[in-house]
Amino acid sequence: MKFIGLSCAFGCAAVPVLGASENLLDNPGFEDLGDTSSWNENNWASLDADFLRDPVNPHSGSYSQKVTLKKVEGVSDLQFAQDVDLNPGDLVQVRFWSRGFSNSAPVSLQIRRKGHPYRQYFSAEFTATEAWSEHLFNVTMPSNFDAGDELVLLFSLGDETSIWLDDVSLSRISPQSDAPAFPGNPLRNDSFEVGIDGWVATFREAGGIAKASYGDENNISTSLDSVFQEEAPDGSRVMTFKVRDDCSVAITSGFFPLRYGHPVEVGFWMKTSVPGLAVEAALGGGTFPNMVWDKYMAKSDDKAWRYYRFTATPKPNAHGTYVLQFYTRVPGRYEIDQVTVMDAESTVSVDDLAPMEAGFEDVEDGDPAHIYHLEDQAAFRLNVLNRDGMELTARVIDLWDNVLAEFSVTDFESNGLIEQTVLSMPTTRLGGFKCSVYANGESEALAEVLYVVLPRLAAVADVEDSFFGGHAKLTPYNLHIAEKMGYRWLRLYPPLVTQWMAVEPEPGEWNFDTRGAARAHDMGFQLMAGFSSTPEWAAGVSPKLAARSRWWSSWPPAKWSDWQTYVKKTQEAFGPYIQTWEVWNEPDGKFLQVPGSQEKPVVYLDLLRTASEALSDVREQIQLIAGAVVTLHRPFTRDVLNLDAGQYIDAYSFHYYGGYVGERSPDETADLEEIEHIRSFKNRDGKPLNIWVTEAGVKAPSWLDTMHIAQKRQTTIAGYAHTLVRSAIFFKAVGAKRFFHYEGFANPSGSISYRRETAIVDVDGIPQPSVAAFAAMVYFLEGAEPLEFEIISLGEAEPRIAQFERGARKVSALWSRTPVGIQNLPELDLSRWDAFDLMGNPIEEIENIVLSLSPVYLVEKSQP
């Protein structure tokens with residue numbers, strides 16, 4: 001389970017401080033200076049760091065623990081840990097005090113396995129404040145780990161900062177919360193009268209990687225809907241969805257508060273298209289991958305509406321909130337209505353409460369992904385239930401929380417039980433925006449809708465070549481977003497349609513699905529796919545080890561002839577659409593496993609050599625890319641290139657994630673020395689190896705407050721947008737050939753709320769502001785040639801200037817971690833330039849610009 005925060009954000013009480021048992025930690029206040037065995041100062045990556053028992057300003061006693069990370073290198077972290085003795089199913093409370101520096105990156109707190117594979121059983125993040133502050137997390141240890149596993153409680157720093165810790169405790173807690181019973185039904189939009197607002201669904205395959213592309217294709221027209229039904233058990237609308245062959249669906253609510261340890265009654269109405277269809281209903285707490293569930297199977301006996309009820313007991317978690325899920329992989333049509341989760345001890349009936357609810361729905365002819373251009377008509381229908389004359393206000397904000405518009409919501413029309421009105425959104429500025437509706441005087445939004453306003457880019461088919469790429473599933477909805485935001489290249493990882501496990505799950509049983517690749521190719525996208533992932537039957541290890549093969553962790557083949565057959569047949573099947581191929585994914589990490597008797601660089605060289613041989617008949621038409629490494633800081637890249645791998649390849653690729661923690665950019669964390677070292681090698685044509693950045697990104701938080709998602713905030717909405725842009729600009733400025741953002745997968749019905757699966761698309765399937773920032777970057781830098789990347793020293797500030805030439809004009813992007821006025825930059829004649837912000841909006845008073853982490857674009861004015 002992963003949790004953040006001490007209390008939930010929508011009116012529930014803070015996590016109760018229960019009667020704690022004895023502290024399971026030794027030296028919790030760091031008073032025993034002679035104790036060198038309890039706390040482990042783990043600087044595993046040999047970073048520039050310090051550990052100190054500090055006598056200055058402790059929270060209590062004479063000392064606190066200071067942990068300082070002075071210099072970040074790659075994606076390494078600094079750890080401070082203690083072994084702990086816990087059992088499966090234990091209920092525990094982690095409690096401690098911290099202080100640090102404001103505006104620093106969050107610190108990670110984990111309970112995890114001490115050794116490989118370092119599985120996390122609890123993960124949270126907290127942010128330091130200048131004053132001492134207390135943090136408290138209730139945890140349910142999962143039941144599916146061995147009681148003999150060695151565990152550690154671990155604090156982890158991934159950014160350059162200092163953190164002080166004091167009075168750390170780990171204690172077992174009582175099995176029941178002492179909070180009062182929660183009154184009524186905490187579920188939002190429990191009867192779907194205002195649409196599906198508050199509910200999201202993931203439609204996907206059923207049957208593993210070999211069925212994944214078929215699931216995507218089968219679900220293109222599948223959606224989660226709220227429809228009028230005369231026989232609705234409650235109100236006038238019901239939720240409906242269809243499950244297609246070889247597919248599944250998981251539907252989840254937003255999070256809501258409950259007391260742990262006290263039974264709740266979960267109930268819902270369901271109707272199915274044919275008898276015998278089944279849905280698994282589950283109440284869960286936590287976030288992926290360690291959810292704790294109470295599950296119930298509801299099976300229909302006929303085609304009539306039937307009521308289903310089960311009792312569940314919520315388990316403890318840090319934020320005291322839970323989610324309800326419906327899951328099924330049985331084909332058919334389903335309808336659900338009046339979903340309730342009631343505390344068994346509550347004296348309030350669901351019928352006694354009639355709260356006001358609101359939700360947005362799309363209007364006819366609106367863009368399905370809420371993507372618009374300047375001055376377009378952007379409108380959404382607002383549905384309100386039980387308004388009873390209450391006055392409502394709408395507020396539109398940008399990613400920095402600046403208010404773009406605020407207005408009263410009026411002119412409602414009645415439509416049965418609900419009132420409706422259409423709200424027009426401002427499209428006078430470029431960027432990403434959120435419209436929230438409030439009941440007057442309330443601080444919590446009743447409903448929210450996201451939309452973006454982008455510059456008009458050339459159609460992807462009209463672009464001959466480009467630096468800009470990304471990852472997107474090959475469905476029409478995803479390709480629509482990808483084209484509008486400026487992806488020109490797509491790396492198919494996922495979709496995993498060319499992986500060996502997908503195309504030959506059993507010997508000689510070939511499974512090529514080229515529909516998505518053909519669709520993207522016909523639109524004009526350039527595609528890069530991968531040769532990777534050995535199926536179990538072909539792995540060159542014992543059957544026991546081979547059985548552990550997964551697409552993210554597999555072995556080299558037993559027979560190189562099998563690998564060559566796979567490469568040749570896959571290229572032949574996808575050849576009309578794909579001419580660029582990458583060999584394996586992140587072979588320096590867990591994706592490539594090798595037996596202990598073999599050396600990984602040598603095995604990888606064999607993968608490259610035999611793939612190149614398999615493609616000999618078409619090698620002149622194929623780009624073969626090696627690398628795809630997690631990081632250049634490992635010796636793997638140098639080892640592979642020193643084996644003369646360049647003779648088989650056209651370019652070398654790597655992945656970049658380091659700067660997204662702490663909102664850093666690659667000029668601070670990427671290793672330019674390693675990049676130049678790669679360029680010192682020659683490719684198969686005898687030219688210096690080109691550099692491709694084939695993954696860069698990290699999960700962004702949800703912008704939807706009404707979903708109440710407990711989030712691991714590695715960055716903010718604005719932080720993700722400007723960090724993504726700074727990263728791409730930097731790599732373009734230093735001469736990288738391609739840049740692929742990771743990731744951009746979307747479904748019109750969203751994604752399950754306890755698993756943030758996308759970085760630029762929110763949990764409801766709608767693009768975030770980072771899409772607008774990416775589009776603006778493409779608008780200014782498409783086709784531009786790099787000139788120089790410069791770091792200027794101005795006292796404490798070190799502004800960055802990335803300079804490009806586009807046709808006859810120069811274009812620059814400028815930013816600074818420490819704010820500094822642009823007029824302080826030397827030899828910059830401001831009269832020569834037009835200025836634009838991160839989203840592409842013109843800045844009128846260029847001399848008043850203060851450079852920050854959000855890049856500013858300067859475009860040279862045309863000369864008379």
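I take contact to mean heavy atoms within 4.5 Å. The model I am reading is predicted.

**Entry 1: Pro-855**

I began with Pro-855, which sits in the loop between β46 (850-851) and β47 (856-860). Is Pro-855 buried or exposed? I took buried to mean under 20% relative accessible area. Pro-855 has a relative accessible area of 1%, so I recorded this residue as buried.

I then looked up what surrounds Pro-855. Setting aside neighbours within four places in sequence, I found Pro-855 in contact with His-722, Val-725, Arg-726, Leu-814, Trp-815, Asp-837 and Leu-838. For Val-725, I noted that 130 residues along the chain part it from Pro-855, while the two C-alpha atoms are separated by 7.8 Å.

**Entry 2: the largest nonpolar core**

Next I turned to the largest nonpolar core, which has 153 residues. Which members touch the most others? I noted Leu-490 and Phe-731. Helix α11 (residues 717-733) gives this core its largest share, eleven residues.

Beyond neighbours within four places in sequence, its contacts include Gly-470, Ala-472, Leu-474, Leu-479 and Ala-482. I also listed Ala-520, Phe-525, Gln-526, Leu-527, Met-528 and Phe-740 as contacts of Leu-490. As a general remark, nonpolar side chains in soluble globular proteins tend to be buried together.

**Entry 3: strand β38**

I examined strand β38 (residues 690-696) and asked how many of its seven residues are buried. Six are buried, so I describe β38 as largely enclosed by the rest of the structure.

Which strands pair with β38? Strand β37 (residues 651-656) pairs with β38 in the parallel sense, over six bridges. Within this pairing I noted Tyr-652, whose bridge partner in β38 is Ile-691. Strand β39 (residues 738-741) also runs parallel to β38, and two bridges join them. There I found Trp-692 opposite Arg-738 of β39.

**Entry 4: a cavity**

I recorded six cavities of 30 Å³ or more.

By class, I noted five nonpolar, four polar and four charged residues in the lining of the second largest cavity.

Note on methods
Residues numbered from 1 in each chain as written. Predicted model: local features only at pLDDT ≥ 70, side-chain atom pairs only at ≥ 80, totals over all residues. Heavy atoms only, no water. Core = buried A, V, L, I, M, F, W, Y, C linked by side-chain atoms within 4.5 Å. Buried < 20%, exposed > 50% of the residue type's maximum accessible area, 1.4 Å probe, protein only. Helix = DSSP H or I, 4+ residues; strand = E, 2+ residues; numbered from the N terminus. 1 Å grid on protein atoms, 1.4 Å probe; cavity = no way out; pocket = protein on both sides within 12 Å on 5 of 7 lines; lining within 4 Å. Points joined across faces, edges and corners; volume = space filled by probe spheres on them. Nonpolar A, V, L, I, M, F, W, Y, C, P; charged D, E, K, R; others polar. Pairing = 2+ DSSP bridges.
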